[in-house]
Amino acid sequence: MAGKEIVIAPRPVPYGQTTDLDDESFAIRLAARLGETKRTVDRFVHEVRYRPPRSRTARLLVLIPAHNEEATIAKTLDALLTQTRVPDRIVVIADNCTDNTEKIARRYRGVTVMRTVDNHDRKVGALNQAWRRWQAGYDFIAGIDADTQLAPDCLQQLEEELASTPKAGGVMARYTFDQRLGTTPMARLLIRLQRMEFAGWTMDALQKNRTTYVLGGQASLFNADALRRVTEHNNTNGPWDASAQVEDMQLTGDLRSMRYETLVSSTARAHAGAMLTFRSLWAQRRKWDEGMARLLAKPQLSKWTATLWRQQLSLLSNGATRLLFLFLLTFSLMVHQFVWSWWWMTPTVIASLLNAKVAWSMPNRTMGDVITGALLFPVEAYLWFRLACTTASWSNVLAGIKRDGWEDQARAERGASNGPGRIITAVAIIAILAGLTVFGWLHAPLWLQERVLTTGWSLLAVVTVVQTLSMLVKLVRPSRGFRP
């Protein structure tokens, strides 16, 4: 007989009541939820406590002094607004403009235009007024001329070098000029010669641990705190000295005196505004040379001024060598005592090779640049031009003559004459002195002529050997990867 299964019916649970099993399940879920919440809170507290400090992004201000720069201001602003490191603020300082400079600048979004007020100190006054108004809160301040165009990564390179260099007061871009700006043969030649001059100067600075005696106003980036310290130290209204014709050189000297480094960038590139006429180039160089002469005329000597003196003495020795050679050659021919030697070609050949090397190292070089350097004559003529500028500048300083170099340069760039009477007077004085010298030489006794020629040629030979060895060192010296 089959057994019967016993079925136990489940006890019904009244509505609203829970079983022991449900209570246990709820406790487990609640504990899991609380544990997850605790882990989330612990993780948040740990991240807050041990997260790395947030790095503060440096702020960069660009100041562009502009006086009647309607022809170039647009290109300058276009280059700035397309930088890989866009400035936090760009200020165009419209200084007594009578053209459309201000109108053009106001068309650009992200560009601040500021008018100067009662400014009689030209570029220096414009920079100081803008600095006082805008410098607060910025870490780096760039001064850029209104006719300078920066390479796309120029500001980024300048900022990285300035930030990575301990005790750096400022870094200057490597300057060159756009050969395409020359529309006449003379303008193209002048641009080539200016390109070679700046390339040679830049290469020398790069070889000297990138230290420069002037942070050029065309495109330089400064440590804002260093500018503030200079202002406090000099007790002035701004870091730029209104009494100096070469305000960028004076500011560099102030930074150097406070133990800041002043450097040339090894990577950043800027195309500065070139002088396209002989008259404008003369006015610009006169302003620079006379400004440097006034700085050196002050009774102060430091490592920085010693560098300036070496630069001046080097130019003086080059001029003295050439003048001595011309005098001795002329005097020897006049008394039939000149004997030619091929050894005299040695310094000429080395100088030609050195100039060709400088031209070859220039950015965007052309065969015209290399040929101009190798021919030597254009570079030699340019050296005589520089000697004339320096001589005229020192003559003014020593004679106590003061002139407005800014106005002379502005007039020359507008095509106005600064007075042909000065040139005629200088030529007349040189002609009279030369005539008196020739007359005195021809009537000098024979023993005096022999003594002068013997001593003069011996001295010239010694100086020429020293200068030739110096050029030879520059010729064979490796570039260490630097490009001017």
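**Questions on a predicted protein model**

Student: Among contacts in the protein between residues at least 6 apart in sequence, what percentage join residues at least 24 apart?

Tutor: A contact here means heavy atoms within 4.5 Å. Taking the contacts in the protein between residues at least 6 apart in sequence, the share that joins residues at least 24 apart is 79%.

Student: How many helices and strands are there in the protein?

Tutor: The structure is a predicted model, in which local features need pLDDT of at least 70 and side-chain atom pairs count only at pLDDT 80 or more, while totals for chains, interfaces and linings use all residues. Residues are numbered from 1 along each chain as its sequence is written, and side-chain values use heavy atoms, with hydrogens and water left out. Helices (H or I, at least four residues) and strands (E, at least two) are DSSP runs, numbered from the N terminus. The protein has 16 helices and 8 strands.

Student: What percentage of the residues of the protein count as buried?

Tutor: Buried means under 20% relative accessible area, exposed means over 50%, and partly exposed lies in between, with a 1.4 Å probe and protein chains only. Of the 484 residues, the buried share is 44%.

Student: Which residues form a nonpolar patch on the surface?

Tutor: Patches are made of residues with over 30% relative accessible area and no salt bridge; like charges are joined within 9 Å, and nonpolar side chains (Val, Leu, Ile, Met, Phe, Trp, Tyr) within 5 Å. One member, V349, has its place in helix α11 (residues 345-361) and counts as partly exposed because its relative accessibility is 44%. With about 560 Å² of accessible area together, the nonpolar patch is formed by W340, W342, M345, V349 and L353.

Student: How many disulfides does a search of the whole structure find?

Tutor: A disulfide is a covalent bond between the sulfur atoms of two cysteines. In the search, a disulfide is a pair of cysteine sulfur atoms within 2.5 Å. C154 counts as buried at 0% relative accessibility, and C389 is buried with a relative accessible area of 0%. The number of disulfides found in the whole structure is 0.

Student: Which residue meets R85 in a salt bridge?

Tutor: A salt bridge is a side-chain nitrogen of Lys or Arg within 4 Å of a carboxyl oxygen of Asp or Glu, and the whole structure holds 19 of them. R85 lies in the loop between α2 (73-81) and β2 (89-94), while its partner lies in helix α5 (residues 154-164), so the pair ties together parts that are 74 residues apart in sequence. R85 is buried, with a relative accessible area of 14%. At 2.8 Å, N to O, its partner is E159.

Student: Are K123 and E247 buried or exposed?

Tutor: The side chains of K123 and E247 meet in a salt bridge of 3.6 Å, N to O. K123 lies in helix α4 (residues 122-134) and E247 in helix α8 (residues 247-257), so this pair ties together parts that are 124 residues apart in sequence. Both residues are buried.

Student: Which residues does T464 touch, not counting residues up to four places away in sequence?

Tutor: T464 lies in helix α16 (residues 446-476). At 12% relative accessibility, T464 counts as buried. Not counting residues up to four places away in sequence, T464 touches T321, W344 and P347.

Conventions
Areas by Shrake-Rupley, 256 points an atom, 1.4 Å probe, with all protein chains shown as cover.
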